[in-house]
Amino acid sequence: MIPVLEIGGTHVTAALVDPRDGRVSSRTREPLDADGDAEAILAAVRHCADGLSVPPGARWGVAVPGPFDYARGIALFRGVGKFEALYGMDVRRALRRGLRQRPGDVVFLNDAHAFLTGEWSAGTVRGHRRAVGITLGTGVGSAFLADGRIRDTGPGIPPEGRMDLTEIDGRPLEATVSRRAILSRYGDPGADVRDIAGRARAGEERARRVLDDAFTRLGVALAPRMVDFGATALVVGGSMARSWDLVAPALSAGLAVGGWAPDEPLADADPPAPGAPEGPTGDTSAAGARRTRPRTRTVKPAAPAGDAALVGAACAAVA
């Protein structure tokens with residue numbers, strides 16, 4: 001079992017993971033204040049990690065958002081609204097010296113890359129040769145995967161593989177789709193995104209309009225890249241994906257407008273193996289046509305367990 005950490009904007013999770021089958025055990029979780037000082041942030045991470053039973057000298061995998069120098073383990077957070085106090089810090093050294101059972105090594109991986117790797121190896125997009133992952137929370141994380149490997153260059157892939165470096169109508173994407181953008185657009189300082197989602201479900205038109213606009217515009221911006229990349233699957237994670245009933249219709253509509261129309265909900269399974277029958281023969285009904293049509297474009301939420309980033313971090317640690 002591989003010890004891993006997933007460091008997010010509101011919490012840190014530690015676990016032991018078997019990268020062969022995605023099995024997760026001994027999970028611990030701690031709240032994390034991304035606006036806190038450096039020692040408070042690192043203390044929360046250390047306390048969470050020290051809850052695992054791990055032998056000294058183990059190789060850890062750590063999923064962390066960017067900007068971050070993943071090869072060197074140096075935090076580069078500046079102007080992104082989180083972890084500013086860690087800027088320039090050698091986080092690898094801090095963990096190697098600070099954990100109760102000192103690691104032999106610490107391997108860092110972008111959290112969106114870890115998420116998509118985990119969903120591809122043991123989650124909802126297994127069997128897809130080309131898939132895209134988006135995480136929606138404090139910001140927008142993204143990853144493009146082909147044949148089991150994360151890609152940061154090539155057709156359809158934004159600079160560094162980061163959708164947050166792209167623009168919508170001349171403005172940074174996260175000015176339209178992010179926690180900050182949605183709260184600003186909604187205009188109630190006492191509400192968080194979860195509250196807005198609840199109000200949308202209760203029938204409040206303004207709440208529904210704000211969410212629909214954000215996710216539709218994300219779909220429109222993402223669709224041409226999905227086409228150029230040749231993706232057959234999009235998987236969405238992050239805290240906002242928990243409101244999938246609100247995210248999915250608007251996102252799917254935007255993808256269709258942008259030229260990457262997802263299959264109907266009935267056709268959301270993995271594509272059939274080459275040469276496999278696509279469905280029952282002799283059925284000429286509309287439902288039969290949907291069943292037999294190749295399942296080539298699917299949009300899915302993250303697996304319910306929410307373990308994808310942990311699994312991806314473990315895969316990175318053994319690579």
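I take buried to mean under 20% relative accessible area, exposed to mean over 50%, and partly exposed to lie in between, with a 1.4 Å probe and protein chains only. Helices (H or I, at least four residues) and strands (E, at least two) are DSSP runs, numbered from the N terminus.

The model I opened is predicted, so I keep in mind that local features need pLDDT of at least 70 and side-chain atom pairs pLDDT 80 or more, while totals for chains, interfaces and linings use all residues. Residues are numbered from 1 along each chain as its sequence is written, and side-chain values use heavy atoms, with hydrogens and water left out.

**Entry 1: strand β7**

I looked up β7 (residues 105-110) and found five of its six residues buried, so the strand is largely enclosed by the rest of the structure. Strand β4 (residues 59-64) runs parallel to β7 and is joined to it by six bridges; I count two strands as paired if DSSP finds at least two bridges between them. Within this pair, D105 of β7 stands opposite R59.

**Entry 2: P103**

I then went to the loop between α2 (91-98) and β7, where P103 has its place. P103 has a relative accessible area of 7% and is therefore buried. Taking contact as heavy atoms within 4.5 Å, I find that P103 touches G57, A58, W60, L95 and R96, leaving aside residues up to four places away in sequence. The C-alpha atoms of P103 and A58 are 5.0 Å apart, although the two residues are 45 apart in sequence.

**Entry 3: helices α9 and α3**

In α9 (residues 308-318) I find 10 of the 11 residues buried, so this helix is largely enclosed by the rest of the structure. Its buried residues pack against β1 (2-7), β2 (11-18), β3 (23-31), β4, β7 and α3 (111-122).

I followed this to α3, where the buried residues include H113, F115, L116 and E119. At the start of α3, a side-chain oxygen of N110 comes to within 2.8 Å of the backbone nitrogen of A112.

**Entry 4: the largest core**

For a nonpolar core I use a set of buried Ala, Val, Leu, Ile, Met, Phe, Trp, Tyr and Cys residues joined through side-chain atoms within 4.5 Å. The largest such core has 43 residues, and L136, I182 and L234 touch the most other members. Several elements each supply at least two residues of this core, among them β8 (130-136), β9 (140-146), α6 (205-229), β13 (233-237) and α7 (244-258). The largest share, 10 residues, comes from α6. Apart from this core lies another of 31 residues, including L5, V12, V45 and L95.

I also listed the neighbours of L136, which include V177, F215, L218, V236 and V247, not counting residues up to four places away in sequence.

**Entry 5: the five-stranded sheet**

Which order do the strands of the open sheet have? I read the order β10-β9-β8-β13-β14, with mixed pairing. β10 (149-151) and β14 (298-301) are the edge strands, each pairing on one side only. From one strand to the next the twist averages 30 degrees. I take axes as lines fitted to C-alpha atoms, for helices over the stretch in contact, with angles from 0 to 180 degrees between N-to-C directions.

β9 and β10 run antiparallel and are joined by three bridges; L145 has I150 in β10 as its bridge partner. α6 packs on the sheet, touching β8, β9 and β13, and its direction makes about 155 degrees with that of β8. α7 packs on the sheet as well, touching β8, β13 and β14, with its direction at about 155 degrees to that of β14.

Methods
Polar contact = N/O pair within 3.5 Å; in protein donor to acceptor, adjacent residues only side chain to side chain.
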